[in-house]
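Let's take a walk through this structure together. Have the viewer open and follow along from one stop to the next.

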Amino acid sequence: MIRTGKVDWVAHSILLLGVALFVLPVWLVFAGSTQDSADIARGDMSIVPNLSQLGIYSSVLTEAAPGAQPVWRMMMVSFGMALVIAFGKIFISIMSAYAVTFFRFPFKMLCFWTIFITLMLPVEVRIVPTFKVMAGFNLINTFTGLTVPLMASATATLLFRQTFLAIPDELVEAARTDGAGPLRFLKDILVPVSAANLAAMFVILFVYGWNQYMWPLLVATDPRLDTIVIGIVKMIGHEALTEWNRVMATAVLAMLPPVVVVVLMQRWFVKGLTEGDK
Amino acid sequence: MATLQLENLKKSFGTTHVLKGVDLSLASGEMLVIVGASGCGKSTLLRLVAGLETPTSGQIMVDGRDVAQLDPAQRDIAMVFQNYALYPHMTVFDNMAYGLRIRGLSREDIGKRVQDAANTLGLGALLKRTPRQLSGGQRQRVAMGRAIVREPKVFLFDEPLSNLDAALRVQMRAEIRRLQRRMRVTSLYVTHDQVEAMTLGDRLLVMHLGKPVQLATPMEVFEKPANTYVAGFIGAPSMNLMPAKLGHGGASAVLEDGHVITFADGRRPGQDGRKLTVGIRPEHLRPEPGGIEIFIDLVEPLGSETVVIGRMKNGELVSVKIPSAGSIPETMSVVIAPEHLHVFDGETGLRVEAV
């Protein structure tokens, strides 16, 4: 980092502009959530929030629209889904990366490339066959059906493989002479040493899971499995009938958990993405 | 304390024969230093003993028990790695205790052993730190501590000092020697540094291209190198090696420029005119008139001594070590001290002893 005594005005204006670009839409949603739905629909929405209307948040959280779940329920579903997807992906990816990095077995490179190729087949591409498989297992409208197909992840496998490749051979050998078997090495050495990368991966995957739309829309038609993202979309009906303030309040609530996760893990996140060798 | 024996140990990677049969026997408590240039197979040898590689053939016996097929942890062997290989997320204490925990020792036993090792190595105050808070020398000590706490039968050192700066290296070298003497643990020490090789070992094994070339005490290796490779490898600056022919009656060597050097220790076998290589260390060349004429290329003052590198008439390089003096002339005449002459066969490179 270059530090000069003077404040660099050009750099700061660019940065402030960037911040505004990100913050302004969020602010508009927040301001809109506290105003009258009809005003918003007419297009005269103030950018100053009406703080006397903050009660809308508790109303949105607990009171369900007819035929829908209250927002807190949908948030629980989303939270559960994001957590299970993030941990599931991390678990599977660590295992597969561990196998292709530290072990010699027949067709190892074939395995690796097979995993690699699935990068070209995200859920959206294989949505019909995946749905068929889930239907075959009777997993439509279940939490398992909602999460499992999103777990396998070539991206995380590749990232962990890179992390593991950077671990010096001597560390593996020292652990072997200390008597650590493969599982113990994984648990005692590899996972703690890769902790920063794990945290970074968790943040990315949590947000990924939280934002899922397409797959939950298809696989779960039962309103009890509605995620918050689905819930928002369902709230937007006919233009005149949509309660825009409630939609915006829900949107604000939907943004909070990912933000909390990112903020809490920010230090680890940056460390995991920037710290090359240890 | 234990003995270590290697019998016809071989290792190939595919068609590359890295070790071409090594026999070695270490007495209990002995420290043997393996020295050689990069790629001579010395590290592979160590890794085979440690169990990190599987030998292609041959036996590794610790205290008479063949361990060649055992896991590293079951061999009662501890290894100190070149880059220390400390667990970065563990404290110094945990680094040393890890292997003991896996072996299921009681908490008190572990605490006591680690504390003892830490005291021996002067690490007592650092037990709660993590490796990244330590200096290079301290990390090196922790790596040794990790080996000591296991109370192994054999210590293996894989160039443990090469990541340290020069001053620290000298200090740690002495420490390792003292420690090994005191603990009397049979040790194999691999290095490419000949000063370490000369000072640390009870015996020295020089390796070249996957084969042992000479196994003897450091002084014997220095005074009677078994062939031209060892002669050139051990000693700094390197021994001067020059082609020569056996003189009349085997009593002298005749250099290419016609200089005759009479052997001080007796005649060598062979026909007159047998091809020889004679070697003389730089410190055994005396600047004196009437000797070999050399044209000086380079002068390297070392403080108490000066190394002069020059060329003979036929273009061959010669280095001479002389006491530091004022100015060095452009040409110089040097005389070979015949009692320090080494004689090797011109074709095989093997040492030719007097008969």
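Start in chain B, where Arg146(B) lies over the face of Tyr87(B), 4.9 Å from the ring centre. Keep in mind as you look that this is a predicted model. There's another arrangement of this kind in chain B: the charged end of Arg281(B) sits over the ring of Phe222(B), at 3.9 Å from its centre.

While you're in chain B, find helix H2, which runs over residues 92-102. Is this helix mostly covered or mostly open? Mostly covered: eight of its 11 residues are buried. The buried ones are Val92(B), Asn95(B), Met96(B), Ala97(B), Tyr98(B), Gly99(B), Leu100(B) and Ile102(B). As for what does the covering, it includes helix H3 (107-121) and helix H4 (136-148) of chain B, together with H10 of chain A. After H2(B) comes Gly104(B), with a positive phi near 80°.

Leu190(A) has a relative accessible area of 1%, so it counts as buried. What does Leu190(A) contact, leaving aside its neighbours within four places in sequence? The answer is Tyr98(A), Phe102(A), Phe164(A), Ile167(A) and Phe185(A). For a sense of scale, pick out Ala41(A): Leu190(A) is 149 residues from it in sequence and 55 Å from it in space, C-alpha to C-alpha.

Several of those contacts carry rings, so here's a general point before we look at them. A pair of aromatic rings is described by how far apart the centres are and by the angle of the planes. Over all chains, the structure holds 19 aromatic pairs. Take Phe79(A) and Phe206(A): their ring centres are 5.7 Å apart and their planes sit at 70°, which makes the pair edge-to-face. Phe79(A) belongs to helix H4 of chain A and Phe206(A) to helix H11 (residues 195-210) of chain A, so this pair ties together parts 127 residues apart in sequence. Phe79(A) is partly exposed, at 34% relative accessibility, whereas Phe206(A) is buried, with a relative accessible area of 0%.

Now compare Phe102(A) and Phe164(A). Their ring centres are 5.9 Å apart with the planes at 45°, so this pair counts as tilted. It also links distant parts of the chain, with Phe102(A) in helix H4 of chain A and Phe164(A) in helix H8 of chain A, 62 residues apart. Here Phe102(A) is partly exposed at 25% relative accessibility, and Phe164(A) is buried at 3% relative accessible area. Both belong to a cluster that ring pairs link together, along with Tyr98(A), Phe103(A), Phe160(A) and Phe185(A).

Phe102(A) leads us to the last stop, the largest pocket. Its volume is about 1000 Å³. Of the 33 residues that line this pocket, Phe102(A), Arg104(A), Val172(A), Arg176(A) and Leu52(B) are the closest to its centre. Four helices of chain A give two or more residues each to the lining: H4 (71-102), H8 (154-165), H9 (169-177) and H10 (182-193). Which of the elements gives the most to the lining? That's H9(A), with five residues. By class, the lining has 16 nonpolar, seven polar and 10 charged residues.

Notes:
Residues numbered from 1 in each chain as written. Chains lettered and ligands numbered in written order. Predicted model: local features only at pLDDT ≥ 70, side-chain atom pairs only at ≥ 80, totals over all residues. Heavy atoms only, no water. 1 Å grid on protein atoms, 1.4 Å probe; cavity = no way out; pocket = protein on both sides within 12 Å on 5 of 7 lines; lining within 4 Å. Points joined across faces, edges and corners; volume = space filled by probe spheres on them. Nonpolar A, V, L, I, M, F, W, Y, C, P; charged D, E, K, R; others polar. Buried < 20%, exposed > 50% of the residue type's maximum accessible area, 1.4 Å probe, protein only. Contact = heavy atoms within 4.5 Å. Phe/Tyr/Trp six-rings, centres within 6.5 Å; stacked < 30°, edge-to-face > 60°. Lys NZ or Arg CZ within 6 Å of the ring centre and 35° of its normal.
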